[in-house]
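Student: I have a model to read and some terms to learn. Could we go through them one at a time?

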Amino acid sequence: MSANEVVRVEGVSKRFARGAVTALQSIDLSIVEGEFVSLIGPSGCGKSTLLRLIGDLTEPTEGTVTVNGKSARRARVDRDYGIVFQDAVLYDWRTVAKNVALPLELAGWGRAQRAERVREMLRLVELDGFESHHPWELSGGMQQRVSIARALSFSPSILLMDEPFGALDEMTRERLNSELLRIWETTGSTVVFVTHSIAEAVFLSTRVVVMSPRPGRIANVVPIDLAQPRTAATREDPRYFELVTRVREALHIGSDREEPLARAVER
Amino acid sequence: MVDEPIPVEVIPRGGLGRSVGRRLRDWIPAAAVLVLGLVIWQEAIRVFHIQRFLLPKPTSIASQFWDDRSNLWHAGWFTFQEALGGFALGSAIAILFALVLARYRFFGTALMPYAIAANAIPIIAFAPITNQWFSGGITKSSKIVIAAVLCFFPVLVNTLRGLTSVNPRALELMESYAAGQVQIFRRVRIPNALPFVFSGLKVAAVLSMIGAVVGEYFGGAFNALGVLILDRARTFQFTAAWAGVFLACLFGIALYAGVAILERLTLRWAPSTSE
Amino acid sequence: MAAIASERPVPRSARLRDGGGQLALVLAVALALWGLWEGYRWIWVKTGFSWPFPVNDTTLPHVHTIVQALFVSPQVGGPWLLTTLFHNALFTAKEAAAGFALGAIIGFTLGVVLAHSGILERGFLPYIVASQTIPILAIAPMVVVWVNPRLPDPLANWGAVAVIAAYLTFFPVVINTLRGLQSVDPQALELMRSYAASRWTVLWKLRVPAAMPYLFAALKIAATASVVGAIIGELPSAISGGLGGAIINFAQYYSFQPQNLWATNLIAALLGIAFFLVIVFVERLVVHRPPEELV
């Protein structure tokens, strides 16, 4: 493992239902510190499963997952990563502040420390002033920001995100994309980001991993060489459109066997 | 939406069949508990010398039950008729009420606090009064009324919930077809409500038998099950009393099972039945 | 600054007006029901219908007769009926509260245990469900005879009745606790797993709070049930201090003074409602939820 390799997935396969369903087949992936890696692909390609394997929320049938030089299980127990789901998964019975403080409570932080960190985090996601609100009083976008604040509260070096903005409208999504990049720069963490959206993947990432289904595997990896920091102007850069097209083509090639119709419609 | 199955185990929810399991194998723990329970009961009485008249052995109850079966059966049948009558009456009125309240929402909001208050009233306390209404309680009618009132609320609440918890999109769809209220009820609300109705009917089935037996305490025909059980308890024939209790249980379970079977037949098209 | 998505709190004047409107509605319905009662009575007396039952002062007294009966002494020179019934109600309330607490604690604990073990759940759930088909009054005499002598003196008279109330409370609490604990979103469980949280932590920080709405729904049912259980429990044991005893007493003399039994039922109803309202109040304090259905 090279010095700053953060995630290493080697020869990983995952089968469900007593071997009847192969979600992932022989996956090899290496992620370096500070990267923003997107996993993109159609339904059934295993991207969410791969994310969960990295987070030790499920175990590989074959192969190994190494995180920060340790086993995925050890990394989970050591709280090396924070995770954000498509649903904000906030507890209705806790205020925003208490929701963000949840992992800190579980880690045994003292009350004063928690309060301070919560304040810091909420400021980071631009929700200061909402400490005493309840989740149902917030919009979807605000809830996701709380979820991100919670994931980062204990300063993990890795952030795992499973289509976090999937349930939001386009405008909110674009705005949160910019905010996420800002947070990423500020914290210097490594992000593994699962998404359905090509535009989002290209805008956010340093690398896009294109996956294809049946069985789930990595079809292609597209490095994104757009300038940092990315802004609204980036979305109008010709290079951006080129990269979007490249990713789209990689997706089609990957699922070529299954969806020849898509190509025909494209033409 | 997650594409792949989430590997975290989701505990099945739903009816008894769902939580216990359809396979015969899943019922083994329940059977084991039954056998274990009976054995402990039998042995504890022997070991602790628990007096027979307080807690008879299961075997004695079983033999008593068998010996006395025709007496018990007639008494049980009599009481069961009261329960059944109350069940039918209370449920029917409750469903009608629910239909009206679902159609004219205003009455629902107006009556809500009273419904909640009425639900908090110990209905059984009215048993002496209903006895007065119907020739001193010798006939079945007074217990039928008690059982009916007990059945009314669970069926009303559940049916109403079923009629009103319709997906707004489904309603919008019907309105886009310019469907009238009657149509909406027939095609959307009522089918949606059926699982809820059966949920309520199952609760009512159990309550009706309890209502009939308990109502008989305040006065009933001499050949009614509740009167019989109490009579034997008072004269310290506890084995015979327990045998009567056992029969009351059986009738209650039978009514519940009847409703469950009816539910299974009616809701064959539904993907799941609620508890 | 980010847009605030929450609704503005309703201004105080609007809320008061709304509250006033609701109160007016409640009173209007009360008057309507009173009118219905007296109207039905008047028609049946006038026409002499005897279906479903003949209506007269004994079978269906006037509402005002019933209310007035409370402020009269049933026995010459004795206290008002209301005073006597109040003490009876307190007696029954004590039994019901003890039974409720006992049944709720046992039910909750059992619910937690069953939620954590599939085998135990499959083993015991059928019996818990079946236990509700037993007519409790039938075994009440035996419960009373068996339990009372085994209780220390201060509890001796009413302990068995509390047991009966506990029996009635137990079932809804177990079922709803179980359902509530199992109602947790799988992703919330994944989140806890990502924090390497122990089973105990998951229970107390996630499952139990998630189960609170279910638990309180059951407690509301149980509150009423324990009052009913206490009243019924008093009947076979001929305990005269409670409402059950009062019911038996006034039932005997019903033909002479029917309004006393009705008045007793009224007080019993108020007791049941009072228990229910206590739970609603506690729920308001404990459960911070978005406003939902009342029932």
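Tutor: Start with the sheet in chain A: it is open, has four strands in the order β2-β1-β4-β5, and the pairing is antiparallel. This is a predicted model, in which local features need pLDDT of at least 70, side-chain atom pairs count only at pLDDT 80 or more, and totals for chains, interfaces and linings use all residues. Residues are numbered from 1 along each chain as its sequence is written, while chains are lettered from A and ligands numbered from 1 in the order in which they are written.

Student: What makes β2 and β5 of chain A edge strands?

Tutor: Each of them, β2 (21-32) and β5 (70-71), pairs on one side only. Strands (E, at least two residues) and helices (H or I, at least four) are DSSP runs, numbered from the N terminus.

Student: Which class does A218(C) belong to, buried or exposed?

Tutor: A218(C) has 27 other C-beta atoms within 10 Å, so A218(C) is buried. A218(C) lies in helix α8 (residues 199-237) of chain C. Leaving out residues up to four places away in sequence, A218(C) touches P172(C), V173(C) and N176(C); a contact means that the C-beta atoms, placed from the backbone, lie within 7 Å. A218(C) and R193(C) are 25 residues apart in sequence and 30 Å apart in space, C-alpha to C-alpha.

Student: What makes helix α8 of chain B hardly covered?

Tutor: The count of buried residues among the nine residues of α8 (168-176) of chain B is zero. Just after α8(B), A178(B) takes a positive phi of about 55 degrees. Over the whole of chain B, buried residues make up 42% of the 275 residues. Chain B has eleven helices and zero strands.

Student: How do you know which parts of chain B are predicted with the lowest and highest confidence?

Tutor: By pLDDT, the predictor's confidence in each residue, from 0 to 100. The mean for chain B is 77, and 83% of its residues reach 70 or more. Confidence is lowest in helix α1 (residues 16-20) of chain B, at a mean of 48, and highest in helix α4 (residues 69-103) of chain B, at 91. Over residues 1-20 of chain B, pLDDT stays under 50, and over residues 271-275 of chain B it is below 50. Where pLDDT is low, the predicted coordinates should not be read in detail.

Student: What is in contact with chain C on the side of chain A?

Tutor: 23 residues of chain A are in contact with 19 residues of chain C. Helices α2 (72-77) and α3 (96-106) of chain A each supply at least two residues of that side of chain A.

Student: How are the residues of that side of chain A divided?

Tutor: They divide into 13 nonpolar, four polar and six charged. Here Ala, Val, Leu, Ile, Met, Phe, Trp, Tyr, Cys and Pro count as nonpolar, Asp, Glu, Lys and Arg as charged, and the others, Gly among them, as polar.

Terms used: Two residues are in contact if their C-beta atoms, placed from the backbone, lie within 7 Å. A residue is buried if 20 or more other C-beta atoms lie within 10 Å of its own, exposed if 12 or fewer, and partly exposed in between; C-beta atoms are placed from the backbone. Two strands pair if DSSP finds at least two bridges between them.
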